[in-house]
Amino acid sequence: MLFYSFFKTQVGQHVTVELKNDLAIQGVLESVDQFLNFKLKDIKVVDEERYPHMLSVKNCFVRGSVVRYVQLSPPTVDTALLQDAARREAQSTQQMQQAKPNVAPPVA
Amino acid sequence: MTDVASANAAAAAGPTSSFSMVEEPLDLVRLSLDERIYVKLRGDRELRGRLHAYDQHLNMVLGEVEETITIVDVDEESNTQSVRTVNRKVPMLFVRGDGVILVSPPSRAS
């Protein structure tokens with residue numbers, strides 16, 4: 001859920017979504033869901049000469065599984081907050097695993 | 001005062017979690033938070049950047065990223081291969097975990 005929450009903070013920001021087929025779409029992030037599917041508006045394909053198919057497309061939905069990267073604008077990203085959130089997420093998923101019955105090794 | 005607080009925190013965290021202990025593979029990634037890391041990806045891509053966040057899928061947010069793409073060109077006539085690399089820099093990048101092959105702590109060479 002960490003990155004779902006993170007992308008919710010990015011709604012309204014300009015992002016560049018790079019797909020696994022190398023198509024890169026620049027646009028404003030409109031919404032995101034738990035699968036990290038994205039809705040983008042005011043989109044522009046980065047290399048229009050190579051990919052002229054999308055010239056008339058202004059809004060689109062991108063399936064999360066075809067995304068390779070999302071380029072973000074650094075000032076909109078609170079890196080300290082992200083790192084804290086990542087540590088908390090790591091701990092909470094670990095605790096969920098510990099809740100399963102298994103014998104914990106003795107602490108040295 | 002502080003000792004009591006930290007003891008309580010340690011007790012609440014459970015018997016196996018001490019903060020710097022490596023128990024499972026992902027702990028190695030956790031210890032790389034805020035460090036520069038090397039990530040090998042599908043499609044002959046490599047990244048070097050500062051790790052700001054990750055999850056159990058190896059989705060990541062990296063900062064000050066340098067991406068290296070290795071491209072092998074085959075010359076049809078002479079039947080020879082030539083390898084070239086393309087580099088680019090991205091200031092802040094989300095990487096989807098399904099493309100990740102390995103994550104390594106910063107090597108001295110990079």
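Which residue takes a positive phi in the hairpin of β1(A) and β2(A)? Select the 4 residues between these two strands and pick out D22(A), whose phi is positive and near 75°. Before going further, keep in mind that this is a predicted model, in which local features need pLDDT of at least 70, side-chain atom pairs count only at pLDDT 80 or more, and totals for chains, interfaces and linings use all residues. Residues are numbered from 1 along each chain as its sequence is written, chains are lettered from A and ligands numbered from 1 in the order in which they are written, and side-chain values use heavy atoms, with hydrogens and water left out.

**Chain A, strand by strand**

Helices (H or I, at least four residues) and strands (E, at least two) are DSSP runs, numbered from the N terminus, and two strands are said to pair if DSSP finds at least two bridges between them. Colour β1 (14-19) and β2 (24-32) of chain A; these strands pair in the antiparallel sense over 5 bridges, and H14(A) has V28(A) in β2(A) as its bridge partner.

**Chain B**

Move to β1 (residues 36-41) and β2 (residues 45-54) of chain B, which run antiparallel and are joined by 6 bridges, I37(B) having G49(B) as its bridge partner. The hairpin of these two strands has 3 residues between them, and G43(B) in the turn shows a positive phi of about 80°. On β1(B) there is also antiparallel pairing with β5(B), over 4 bridges, where K40(B) is partnered by L102(B).

**Where the chains meet**

Show both chains and select the residues in contact (heavy atoms within 4.5 Å): 35 residues of chain A touch 32 residues of chain B. The buried area, meaning the accessible area (1.4 Å probe) that two parts lose on being put together, summed over both, is about 2800 Å² between chain A and chain B, and carbon and sulfur atoms give 57% of it. Highlight F3(A), Y69(A) and Q83(A), which supply 23% of the area that chain A buries against chain B, more than any other three residues.

How many salt bridges does the rule find across the interface of chain A and chain B? With a salt bridge taken as a side-chain nitrogen of Lys or Arg within 4 Å of a carboxyl oxygen of Asp or Glu, the rule finds 4 across this interface, while the count over all chains comes to 13. Select D98(B) and K20(A), whose closest N and O atoms are 2.6 Å apart in one such salt bridge. This pair crosses between chains, D98(B) lying in the loop between β4 and β5 (100-104) of chain B and K20(A) in the loop between β1 and β2 of chain A. Finish at R45(B) and E18(A), whose side chains also meet in a salt bridge (3.9 Å, N to O).
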